[in-house]
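Thank you all for coming; I would like to take you through one model this morning, going from the overall fold down to single residues. Please keep the picture in view while I talk.

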Amino acid sequence: MPGPAERRWLALASVVETASLAVLLLNLATVHLPGVASVLGPVHGLAYLVTIAVTCLMPTTGTTRLLSVVPAVGGLLVLRRTRTPAA
């Protein structure tokens, strides 16, 4: 099982990745301000890479590592798959 620090980093990166993609798509569908894409594009990309990197550093299965590569929701899927079972 991954440690609490790994899960915390993964949770943060996953939320940033998903939220930044949602804002990028909303911007694209509405006003399409280039500044929003210029700022949030790299933030989204970095969060995506951090999600994959943290997952690869965790003691998980290969299938779980492959889930991290799914755009937008991969980190959230990994968090769900690696959560500890309720007592």
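This is a predicted model: local features need pLDDT of at least 70, side-chain atom pairs count only at pLDDT 80 or more; totals for chains, interfaces and linings use all residues.

Among contacts in the protein chain between residues at least 6 apart in sequence, what percentage join residues at least 24 apart? The figure is 55%, where contact means heavy atoms within 4.5 Å.

Residues are numbered from 1 along each chain as its sequence is written, and side-chain values use heavy atoms, with hydrogens and water left out.

Now the overall fold. The protein chain has 4 helices and 0 strands, in the order α-α-α-α along the sequence, with helices (H or I, at least four residues) and strands (E, at least two) taken as DSSP runs numbered from the N terminus. The C-alpha trace spans about 45 × 25 × 20 Å along its principal axes. Of the 87 residues, 29% count as buried, and here buried means under 20% relative accessible area, exposed over 50%, and partly exposed in between, with a 1.4 Å probe and protein chains only. The accessible surface, from the Shrake-Rupley method with a 1.4 Å probe, comes to about 5400 Å², and 76% of that belongs to carbon and sulfur atoms.

Let me turn to helix H1, residues 4-29. Its 26 residues should span 38 Å at 1.5 Å a residue, and because its end C-alpha atoms are 37 Å apart, the two values agree; the expected span is 1.5 Å times one less than the number of residues. The buried residues of H1 are Leu10, Ala13, Ser14, Glu17, Ser20, Leu24 and Asn27, and what covers them includes helix H2 (34-57) and helix H4 (74-82). As a reminder, an α-helix has 3.6 residues a turn, so residues three or four places apart point the same way.

Which residues does Thr51 touch, leaving aside its neighbours within four places in sequence? Thr51, which sits in helix H2, is in contact with Leu10, Ala13, Ser14, Glu17, Ser68 and Gly75. Thr51 counts as buried because its relative accessibility is 0%.

Trp9, by contrast, lies in H1 and is exposed, with a relative accessible area of 55%.
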